[in-house]
Amino acid sequence: SCDASQICNCSSMGLDFIPPGLTAKITVLNLAHNRIQHIQSQDLQQAVNLRALLLQSNKISSIDEDSFQSLTKLELLDLSDNSLSHLSPLWFGHLFSLQHLHLQGNSYRDLGQSSPFSSLRNLSSLHLGNPRFSVIRRGNFEGIELLHRLWIDGSNLSQYEQGSLKSIKTINHMIINIRSVNVFSEIVKDLLHSVTWLEVKEIKLALEKKSLVQNSTPPFRIQKLTFKEALFTDETISQTIMLLKEITSLKELEAINCALEGKGMWKTEEIERSGPSFVETITIINIMIQNFHLFFDLAGMESQINKLKRLTIASSNVFMVPCKLARNFLSVLYLDFHDNLLVNNRLNETICEGSWPSLQTLNLSQNSLKSLEQIAKYTSRLPKLKNLDISQNNFGEIPDACAWPKSLKYLNLSSTQIRKVTYCIPENLEVLDVSGNNLKEFGLQLPSLKELYLTRNQLKTLPGAAPIPNLVSLSVRRNKLSSFSKEEFESFRRMERLDASDNNFICSCEFLSFIQHEARVAQVLVGWPDKYVCDSPLAVRGARVGAVRLSLLECHRTVVVSLICVLVFLVILLLVAVGYKYHVVWYLRMTWAWLQAKRRPKRAPPKDVCYDAFVSYSENDSEWVENTMVRELEQACPPFRLCLHKRDFVPGKWIVDNIIDCIEKSHKTLFVLSEHFVQSEWCKYELDFSHFRLFDENNDAAILVLLEPIQSKAIPKRFCKLRKIMNTKTYLEWPAGEEQQQVFWENLKVALKS
């Protein structure tokens, strides 16, 4: 149950005893909410470095006297909500470092005859008492000189020996639950010179004319008095006001969750005769007045309020302050009426001419105000007003212009249902809060503005910097901001604090590049980096903006796609160029035609063979072919039928089909070879198809006539098939002499007939 810091949490484990094996390494031991009944001497003997021991909410009824003897470094001991029926000084005798001791919620009736805390010289806070606690004796607090906080549950405290708390020289804050007014009076007398802030709970004040400062001489220490869940009547509150005037050091009064039975019929004349009040701050929160609408206007109390500096009356159904009374709050600097029933038509009375002459801060939030124009008009009667909070009212539409006090510097219009901001908002503001209004834009010219709060709106971009050049702090948290640029960020030259957290950021490459490498981001952005999370792209949704790294493709998608398109285009262009140069399309079409031809019978039927030979030659050799060879062969006896492309190709038919058909309808294919032949692409096609036929049919269909000498090595590589045929087949050479020419013709005729 222990972590790396040796903090051991054994709470709510159903333990009946302190577990054995505790060592000196343990610093915090939490045994709360178990069923431990008894603490024995050896249980904590080895835990000599323990700093905190939590034993609250067990069933502890007995503790051995030396159980805590070894815990000299213990700073916090919590024994609250157990079953201890008495407190022994021996328990705490060696707890020299103890600062916080919690003993409330047990069953002891008193603290014994002497002080159980006499050795606790470093004690800072002490909590004690329970519903059965009834007696405090003189000497119970001996040994304690200074407490930061003393809390006593004395709801049934009935006996208090005078001087019991006087031994404590200084108590910063004392809280006491008490119902007995007599005991309360005695305790107050003992605390006048020691307590700074006294908080009293659950008291029901009765008529008490005995002085609270009897036999005590100023100066007193008590400065603040708080009543919580107390009950007042018109009579007791009048008497209490007069009694508290005797405590000349008292500067602040609080009443929280109290009830007042009455209508404000206070003894104002007696109160006025008793002298001036020294209280400067009054805070009343959630006071219950059953018939508040019948409450009197407190006429006659004017003399008691002219030194008051701070007044808060919140959640108490206040709907109006009479003008006559308001004009006597001469010194009030701070006025808080939040969460009441103030309405516009009553505000004219509450803030009338000459009222609240020193007021600097006014809080009218959470009321029923509806007209911003009227509020501006009434508050313009307050010549020193600097700060105005009218948030959580319902204004809706606001006018285009309003007359505000010239001194106003701070204005809170958050959650007021305004749909847009207009120049009704004063130009000389330094702080403006328009959060929670569903605003879609903000473009007011506010040259003096230093702080702008736009939280919980519908803004998609940062407001422009030009109209608010002196802005130091900007909050656009929880808007519809998807990103902001480096230019937008740097346009706020004086920006020291920007809260753009809790927005749905689109983590684009531009946004990430700026926000991850801008040096000022970490210094200026509030909540960076934990509160800045990507919403898109989907792959990084939920990731922190500062930790996201996008790939090259994601960051430069347009460039990459453009580059790919250019490369594909270049490849296609290259293929087209290569295809054009090497006539790939023709080859493909010829191959297709050849494949189609292969489906036909291997050898054309004899009746379909029309020619003795198909002559393949270059156009440059046409004179020799047409004038010499054709005449010699077609005029021979018997004559040979030759197929010539000029004469016998079918017009309009694809040239490749013509070549294939003519070769298939010819008994032989006669190639007239020359330098011109190897330069002709058409001759190459005819040669290719003839080569297919030659090997496909495994016959001797090709006849080569060498019109002029051609070296095999000189034949271009693209005529690889010609090279192969010349290496495997015998060919005829055209001789120069006439006698040899006659032999040539005889050999050619024999080859054609074979």
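What is the volume of the largest pocket? About 1,200 Å³. The close-ups below come from a predicted model, in which local features need pLDDT of at least 70, side-chain atom pairs count only at pLDDT 80 or more, and totals for chains, interfaces and linings use all residues. Residues are numbered from 1 along each chain as its sequence is written, and side-chain values use heavy atoms, with hydrogens and water left out.

**View 1. The largest pocket and its lining.** Trp266, Ile282, Ile284, Leu298 and Ile313 are the closest to the centre, out of 44 lining residues. A pocket here is an open set of points on a 1 Å grid over the protein atoms alone, with protein on both sides within 12 Å along at least five of seven lines; lining residues have an atom within 4 Å of a point. Volume is the space filled by probe spheres set on the points, which are joined across faces, edges and corners. At least two lining residues come from each of α2 (234-244), β16, β18 (281-285), α4 (302-305) and β20 (310-314), and α2 gives the most, with 4. Helices (H or I, at least four residues) and strands (E, at least two) are DSSP runs, numbered from the N terminus. The lining splits into 35 nonpolar, 6 polar and 3 charged residues. For that tally, Ala, Val, Leu, Ile, Met, Phe, Trp, Tyr, Cys and Pro are nonpolar, Asp, Glu, Lys and Arg are charged, and the others, Gly among them, are polar.

View 2. The whole structure has 3 cavities of 30 Å³ or more, a cavity being a set of grid points where a 1.4 Å probe fits but cannot get out. The largest cavity holds about 120 Å³, and Phe184, Leu205, Leu212, Thr240 and Leu243 lie nearest its centre among 14 lining residues. Here α2 supplies the largest share, 5 residues. The second largest cavity has about 40 Å³, and its lining includes Phe184, Leu212 and Ile247. That lining is made of 9 nonpolar residues, with no polar and no charged ones.

**View 3. Lysine 245, a buried charge without a partner.** Lysine 245 sits in the loop between α2 and β16. It is buried (under 20% relative accessible area, 1.4 Å probe, protein chains only), yet has no salt bridge, and the nearest side chain of opposite charge, glutamate 272, is 8.7 Å away. A salt bridge would need a side-chain nitrogen of Lys or Arg within 4 Å of a carboxyl oxygen of Asp or Glu; Lys and Arg count as positive, Asp and Glu as negative, with His and the chain ends not counted. Beyond its neighbours within four places in sequence, lysine 245 is in contact (heavy atoms within 4.5 Å) with residues including Ile271, Phe278 and Gln304.

**View 4. Asparagine 257, a positive phi in a loop.** Phi of asparagine 257 is near 55°, a positive value in a residue other than glycine. The residue lies in the loop between β16 (252-256) and β17 (259-261). With a relative accessible area of 39%, asparagine 257 is partly exposed, the class in between buried and exposed (over 50%).

**View 5. Two cis peptide bonds.** One joins serine 536 to proline 537, with omega near 0°, and proline 537 lies in the loop between β30 (534-536) and α11 (552-555). The other joins cysteine 637 and proline 638, with omega about 0°; proline 638 lies in the loop between α14 (622-634) and β32 (642-643).
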